[in-house]
Amino acid sequence: MALRGGARFAVRCEDVFPAGCALVPESLGEVEDYDEKTGRRSPAKDKLTGQRVWQVRVMDLDPELGKRSRETTVKISADHQPVPPTGAPFEAVEFDGMTVTPYVSNTGRMAYSLRATGMRAPAGVAGKQKAAA
């Protein structure tokens, strides 16, 4: 079996972030493509779905990371801008429809990009919010 460049592999959010993750405040934004010929920027489109691409920075809450960087970016393919569940700073979130795309970085090291189809409050948090209402 041959793998083409840019192959996306389905993963579960809890496998990527076993201890959960939290949104970095004010990090949600639209991804833009840059056309070198014209010097113009335009909204990025997902090559597989044609949907617009948004990105959000998250902090991995895994205590086993130690001093390693905890921040990573997740790109979300959606027709409309995703909305954080509560809008609170550093709120916990989970991602739906996650995929991982491995690649070799400019430094020759293995790296990966994360994508999702949506974000929501974690199941335990959503249940507590409903009970409080």
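Asp96 has a relative accessible area of 30% and so is partly exposed, a label for values between buried (under 20%) and exposed (over 50%), taken with a 1.4 Å probe and protein chains only. The model is a predicted one, where local features need pLDDT of at least 70, side-chain atom pairs count only at pLDDT 80 or more, and totals for chains, interfaces and linings use all residues. Residues are numbered from 1 along each chain as its sequence is written, and side-chain values use heavy atoms, with hydrogens and water left out.

Asp96 pairs up with Arg120 in a salt bridge, at 2.8 Å from N to O; the term covers a side-chain nitrogen of Lys or Arg within 4 Å of a carboxyl oxygen of Asp or Glu. This links distant parts of the chain, with Arg120 in strand S11 and Asp96 in strand S8, 24 residues apart. Arg120 also meets Glu94 in a salt bridge, at 2.6 Å. Glu94 sits in strand S8 (residues 92-96) and Arg120 in strand S11 (residues 118-120), so this pair ties together parts 26 residues apart in sequence. Arg120 is partly exposed at 32%, and Glu94 likewise counts as partly exposed, at 23%.

The count of salt bridges comes to 8. Among them is the one between Glu14 and Arg12, whose closest N and O atoms are 3.3 Å apart.

As for the overall build, the chain has 2 helices and 11 strands, read as DSSP runs (helices H or I, at least four residues; strands E, at least two) numbered from the N terminus. Of its 133 residues, 28% are buried.
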